[in-house]
Structure formats: structure tokens, C-alpha cells
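Subject: Structure handover

Hi,

Here is the structure I promised to pass on. Please open it alongside this note.

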Amino acid sequence: MKKIFTYFFLILISLYILVPLYVLLATTFKPLQEIGISDMWKLPKDWSLSGFIKAFQKLGPNLKNSFYLTIPATIISAFIGSINGYVFSKVKFKYANLIFAIILFGMFIPYQSILFPLIRFLQSIKLYGTISGLILVHVVYGIPITTLIFRNYYSEVPNELVEASYMDGAGFFKTYTKVLFPISIPAFVVVIIWQFTNIWNEFLFAVTVTSSPDKQPVTVALVNLAGSQVVEWNVQMAGALLTALPTLVVYVLLGKYFIRGLLAGSVKG
Amino acid sequence: MRKKNLVIGISVVAPSIIAIAIFVYGFITWTLRVSFSNWNSFSALLRGEYKFVGLRNYIRLFQDTRFQTDLWNTLFFTLFFLFGTIALGIIMAILVDKGLKGSRLFQNLFLFPMAISFVVTGTVWSWIFAPGNLPNNPQGLNLLFQKLGLDNLMWGWYTSTDSLGHFNLALIPVIIAAVWQLSGYTMAMYLAGLRGIPNDIIEAAKVDGASEWKIFWRVKMPLLTPITLSALIILGHISLKIFDLVFAMTGSGPNFVTDVPAIYMFELTFRSNRYAMGSAIAIIMLLFVAIVIVPYLFSSMRGEKR
Amino acid sequence: MAKVELERVWKIYEGKVEAVKDATFTIEDKEFVVLLGPSGCGKTTTLRMIAGLEEITRGTLKIDGKVMNDVEPKDRDIAMVFQNYALYPHMTVYDNMAFGLKLRKFPKDEIDRRVKEAAKILGIEELLDRKPRQLSGGQRQRVAVGRAIVRDPKVFLFDEPLSNLDAKLRVQMRSELKKLHHRLEATIVYVTHDQIEAMTMANKIIVMKSGVIQQIGTPHEIYNKPANTFVAGFIGSPAMNFVDSKIIQDNGLWIKSSGLKLKIPKQFEEQLEEYVDKNVIFGIRPENIYDKMFAMAPVEGENTAAVMVDVVEPLGSETILHLVAGDDRLVAVVDPKTEAKEEQKIDIVFDMNVMHIFDKETGKAIL
């Protein structure tokens, strides 16, 4: 009896979670003639990829931009986080905790509060409107979270391991490359997934730092697509699906690590 | 550790510290400076002459009815969003934690919205909540209501200008979408907490004769207080700076019924070139977030030391 | 040749916490020295300063006469075995042992020779291809030791290396380490809180408490001539009995306490003369108290006492008695054939020739 109640509520909540997904998929695969608003809740009679293809034609270049942006930014910020995490967990220095807290604050600020100077700064170093500029932005503002995740990870590594390496004759960097880095794979997976998802999904920097449509990441292109009244609903929904697809794939394949990154964001983990 | 490593270590993190110093604290100071200036047009910016106008931009903002609406919207959005997300998150966690067959599947399902961009969420939910032409050509949920014979449930959703006191009812769909996106995250936090409670405590309570319900409210929940606090703070700060979701879903709405400070800031800065006013909003947002986050950060750091 | 000298060494954390205070001692070449003390006594900090893992706040550390204060750990020619072994989890046993040699750019065949030789000494030749997580605690321990041996360092440092092993394995490793010491003819500094490890392995024990060295001596000296009540109480199990007493003159010198009156042997009288009528602490080890039925030389009224038996703990090879005499409580380790019963009186005999007298105020040994 209790079990039935539990399942009842689980399914009820699942419906809430699934409704947008249903609408997204059903609309995406409807052909043009079925997308009248009165058919919205129906499954497609003729499954069609036409909306999907059209969306891909429109968003294809932006998807490419997003990959060009997300992949390098993710990799660079993972490495920075890793070496920072090493220092903040294994090199004890005065005010380390205070400095770390000051860095960490950077991940909570509303980016509106740095946006205007940031854009002026990017303009002055000629990176405004470029993918490289966006990469720089994501790398810098990714420092707090990546450092946090690696710091927490390395805190679990016994200090003696690092000390044994020093005694064995390794210096600071050799200890990193030969001892810490090889055992950091789980943390790298967490950070890479987290950064990939966040940078891919990000909108505010994307819309303000890029100006020309051919440089825009896919999130911006999607909003523009959805905002234009002339575009059919199936194309819009297909666009949304396309935008969500890479992170969804990552989630489905590596969900466990995704959750770890998620929880790291609440500082105490 | 030895001095040499100390020197190397500090020089390794120095670039990051400097980057954060400039990109976070330097830029905030810059924004603060702009918010005290007269840079409210493109030409003023081009001339580049800095004229200090004190709190004029802030005063103008607080007199601005749109900004007042934004503050009310933020308040009500935050309240209902926090309540909805945490309540649903706890319920999800309890249900999943029972460990019935398929729990894992439900857990993954509840969490998947977190992997999706707010922009996608906004796009899809705006299609669902689009009211259509009432009363004859309803769309989205209204259409569903009509088909189910629940015509009187049809309303304008995010296009509605109705309000209860200062609470714009048009925010309801936005809140539903936001709860949809983040309740899974809250569930994950609570699940982590629940799984961290040592089993012997629960067993001790069982031996003492506590019912499952009592165990939950009297034993587990008090132990989860730190999680609730974390959730309130993390979700609270997200809600105070919410932008993408609203921007993609409804924009400002008629009479700014779904407007939030972040959108107003965006429009002032990037559409009307009123940089000083935009900066003033940004600073106000930062203050809101700082009030929530700074004590939390410092207590976490101190807690770690012990 | 490897001689380690500490001269007035201090360790002060953040300008206030004094972890090690004014430590001065010398570790001679090929000596097995144990730093012994309860947790938080500064023994590990001292070891880590020798290793170079902690900065020396004040004082001088010399190895082979050269000042080492500012020399990097890797340049001190020292190897260390950590409490939790600190094996590199991603490397095989072979690579764990070879790591230090590789970093020092030893030729490949020399590395191979040394690793295999160490593995042979430690009996871990079959484990060379395994990863640490596939090893038992005792095997990990051996690898950690092996990692130190291959380096052939001037000094070996051991930080509580046996504390994570179960009791049986600990006994075995104890004798193996001792044998290893003879075989390698190495200088070893060994930190432990376990007095049995200290007593069984050390040539020299340095007892520490609250950052201060209490006594330096051979195991024999530390046991038989403890410098103060702390050392006396820390070494030996069950711990030495301490009885608040007075020395009185009554046709010779006597120890007088609430429940005991014991004659002090002639040979001690001269040393104790100035303490007559003063309060002192009388110390006697439990193994020096006998059940009168099994005692060698009871002299009625001089080294005997009638006491109440509180608890009897038979251990098989011996029996521990918890005794009450007036306000005094005593523990005695007696012959297992004792007929002592709880809540009954029993006569006991003290071997007064091995008694200890400590100053009441300072706790320092008078005798």
C-alpha cells in the first residue's frame, strides 16, 4: 500500500518533469502541416525530420561556435583549477583560506556587476565579439568553481603522499605531474563535465560579448530563433532540442560525475 | 611546507588571484564608479568625461515604477521559487530515498533539467504557457484545459496583468518553470544529506519506537538543517540574479509584469546605452547577492578549519 | 657515517603554539633512536623537522656536521616511512620503490638491481607488479620500507609505521625491523607512542612530553632509572604505582603513607636523609609487588603490607591485582597461582631494592 503511494507520487512528479520534454519531442518531429496550435498535445501522425533539418541549417554554425568556445575553455579552466587546487590544499600559507574565500565569491556574483567594464576591457584588447574573448571570460570566471572542486578533491589525498614525493626527490612541479595529476582523473571528469555544461548553457556573456550572428553561441541563436515570429514552432522546438542535446548526452553518459560537480557548487559538498 | 614550495605555490596561484582581483573586484569597482556617473548616453561615454553625480542614478531608479515592479517581482519570485523548489526537492528526495525499484531512474529523470540551459527551458515553457487567443483559440495548457472541459481554468498566464497586491500573477508560469529546473538539484542535495546520516542513529530511533514519519521530522530533518541552509542560499542567490530563463521565456511582459532587475539592467545598458543606470542596477543586484553569500562563505570557511 | 644533531631546536606555530621546546640531542651513526611520547608531545614534529617537512623555528639541525636547516628535504639524503605508508596509488610496487631513484637519475640497471634486492630482503618479490590497493596492510608496510631502503639514505625516519597494523603483525614487524637495522647498519629515527616498540627496538629512547624532552637513555635506563614521574608512569604496563608518602625516621628511614609503612633499604638512606619528614611520591612497579605466598624474602613489618583485594584480573601467565590500602590504591602483577579473592585481605611483599622516590612538587626522581 505504502509502495503504491510512493509510486503514485513519483509518477505524478515525473509527469511534471516530462511535460516539457514531451512537448519538445512531439513538436520537433511534426511536419509543417501538423504544427497548428490545436494539435499541440498530440503526437505527430507523420514523424518528420523537416523541422529538425531546418533548425540544424539555422543553428549549425552556432553549434559549431559553441563547440569552439566550450571545449578549449573547459580544458583550460580544468588545468588552472587543478594546479590552483593543489596549492590551496597542499601548500599551507598564511591567509590561504581568506584568499580562497575571496576567490570563491567570484562564482556567486551576478555577472551584470562586471559586465560593462568587461566589455570595455575586451574592446580595448580587441577580443570583443570573438570566440577567443568568450573563452577568456569563461576561463577567468571558471577559476572559483574549478579551484574549489580540485581543492576539495586534493584535500582527501593524504598530505603524506605529497610529502613522500618531496622526500623521494620530486620538487613542486614533479610532484604535481608524477603524483597528483595521475590520480586526479575523477576530479577532472567532474570539472570537465561541469564546465562543459555551464559554458554550453551560458547566455548572458554569450549575448553581450558577441555581437555578430556568425560568432554567437547556440544559446543566443536559439533565443533569436524563438523570438522571431515567422519561424514555425517545430523548428523552434527542434532548435531547443539541438541546443540541449550535447549537455543531455553528457548527462546521460556521465550523470554520476555531473551530480558531484553540482554538489560541489554548494561549497560544503 | 618549506619556503621554496611556498614561493612556487604562491607564484602558481598568483595569476588566478590577479585575474580574479581584476575581473571580479576591479570590474565591480569600475561598475560602482560608472553607477555614480552621468554616463547615460552613448555620446557621454564617447566623450569619456567622468562627471560624478553621487547617488542620482540610484535615486532615479528607486523612483522608477518599472524598477519598483522589478523589486516586487524579485521578492515574490524568490519567495515562491524557494518554497516550491525546496518543498518539491524534499519530496523527491524522500520518495527516491525509499529505494524502491526504479528509484535510480526517477532520480536521474528529476535531475535532468539541471543539465539543460535556462534558455531551452524558457523556450519550451513559453510555448506551453502561451495562452493563445482566448476564449476561442486557446493554446498550450489552455488548450488542454478546454479539451478536458476545464474552461474556467484558462487564463492569460504570463501575459496576464492581474495581480494580488504587488504579486503579479504572470510570474506563476515563470516560477513553475524555475521550480521545474532546480527542484532536482535540491533533491540531489537532500539525498546526499540523507545518505550521510549514519544508519545507527536511525536504528536507535527505531528501537526507541519512533514511527517513520517521526523519524523523518524529528531526526532526519534537524540533521539536514545545514543542507536546507545551503539550498536556501544557493537557490536564493540564483533567484536574485535570474536572467536567462525570464529573458527567453517571457521577457518583460506587458506592464513589466514579469520584468526582473537583470532584464532591466540588460536593456538599459545594451539597448538604451544608459550605462550609469544599468550599472546602478548591477550594483544593487550585487548587494542583494552579497548579503546572502558573504556570511555563508565565511561560515563555511571557518567551519572547515575546525 | 651519519650523525644527526639537534641543538636547542624549537618549533613554534603561528608565533604562539610551541610544539617543540629547546630540543637538544645527538643521534650517533648506526643508532636506532626512538622518539617516544603520547600524542601531541612533539615527537612527530621533531621527526618532520629532521626530514625537512617542517621549518625549524629556532636552533640548529646538523647531519654529519653540516647545518641542514635550509636544505630541501630531497637534498638531505634521508628517507621516511609514513604512518599511513603514503604509497603512490597509481604506481606498481616496483615503480613506488623506483620513483626516488628515477628522480635522482640513477641508471636503469642500477635501479632494477636495488629494487630487486630490497624486495628480496623484505620478501615482496612476488608483489612487484601489483598496485598498492591490491596489497594487505603488512605488505604495504613492507613496500613503504622498501621504498626507503632502495635509496640507501644516510638516515631512515619512521613515523609510527606499525600503528596501522593488527597486534600480531605488529609483533612480527617489530622483530623484522630490528633485524633490518642490523643488516643495513643504518641510522634510524623512529617515532612511536608505543612503549613496547620503543623498549624492544631502540638503542636509545628519547621520551617527550608537551614539546619538552623528559629523558634520554637506553631502554634499560629509561625503565630502571626514570627521570621523573611522567617517564616512570609512561613506561611499563601496568603503569608504576605512585603513592603519596612521607619519609620518616624511626630507627632507620621509612616510607609512610595512609596504608603502608615500609622500611627503606640501607643503601638509599644517605640519599634520602634531607627528605626526612617531607612529602614525597613513592613509586613501585606492579611487578615488584608479590603475593606473600610466592615471595622470596618477606621481612614481617618491614617490606610487607596487609591490603584489601578490589579486583582480580587473571591473564593466564600472570594475574593482576587491584589493591586498596587505606587511601592508597595499588596494582600488583603476581604469580597466577595466587589465591587472592575479591573483597578479601591479602598479604603482599614489596621489593624495596627497586623502589623509586620522586619529589612531590617537581615530580623529578630523587632515587
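Below is what came out of it, starting with confidence and then moving through interfaces, sheets and a helix.

This is a predicted model: local features need pLDDT of at least 70, side-chain atom pairs count only at pLDDT 80 or more, and totals for chains, interfaces and linings use all residues. Residues are numbered from 1 along each chain as its sequence is written, with chains lettered from A and ligands numbered from 1 in the order in which they are written.

Confidence. The predictor gives the complex an ipTM of 0.90 and a pTM of 0.90. Chain C averages a pLDDT of 93, and 100% of its residues score at least 70 (pLDDT is the predictor's confidence in each residue, from 0 to 100).

Interfaces. Chain B puts 77 residues into its contact with chain A, and chain A puts in 73 residues (contact: C-beta atoms, placed from the backbone, within 7 Å). On the chain B side, helix α1 (residues 3–35) gives the most, with 18 residues (helices are DSSP runs of H or I, at least four residues; strands are runs of E, at least two; both are numbered from the N terminus). That side divides into 57 nonpolar, 16 polar and four charged residues (Ala, Val, Leu, Ile, Met, Phe, Trp, Tyr, Cys and Pro count as nonpolar, Asp, Glu, Lys and Arg as charged, and the others, Gly among them, as polar).

Chain C also touches chain A, through 17 residues of chain C and 14 residues of chain A. Two or more residues each come from β6 (78–81) and α2 (93–103) of chain C. By class, the chain C side has twelve nonpolar, three polar and two charged residues.

Sheets. In chain C, five strands form an open antiparallel sheet in the order β15-β19-β16-β17-β18 (strands pair if DSSP finds at least two bridges between them). Its edge strands are β15 (289–291) and β18 (328–334) of chain C. Seven bridges join β17 (residues 319–325) of chain C to β18(C). Leu323(C) stands opposite Leu330(C) in β18(C).

Another open antiparallel sheet of five strands runs β13-β12-β11-β14-β20 in chain C. Here the edges are β13 (261–263) and β20 (356–359) of chain C. Strands β11 (residues 241–249) and β12 (residues 253–256) of chain C pair antiparallel over four bridges. Lys246(C) stands opposite Lys256(C) in β12(C).

Helix. In α3 (residues 96–105) of chain A, the buried residues are Phe100(A), Ile103(A) and Leu104(A) (buried: 20 or more other C-beta atoms, placed from the backbone, within 10 Å of its own). Seen down the axis of α3(A), they fall within an arc of 100 degrees, so they line one face of the helix (the arc is that of the directions from the helix axis to the C-beta atoms).

Best wishes

Notes
Contact = placed C-beta atoms within 7 Å. Buried ≥ 20, exposed ≤ 12 C-beta atoms within 10 Å, placed from the backbone.
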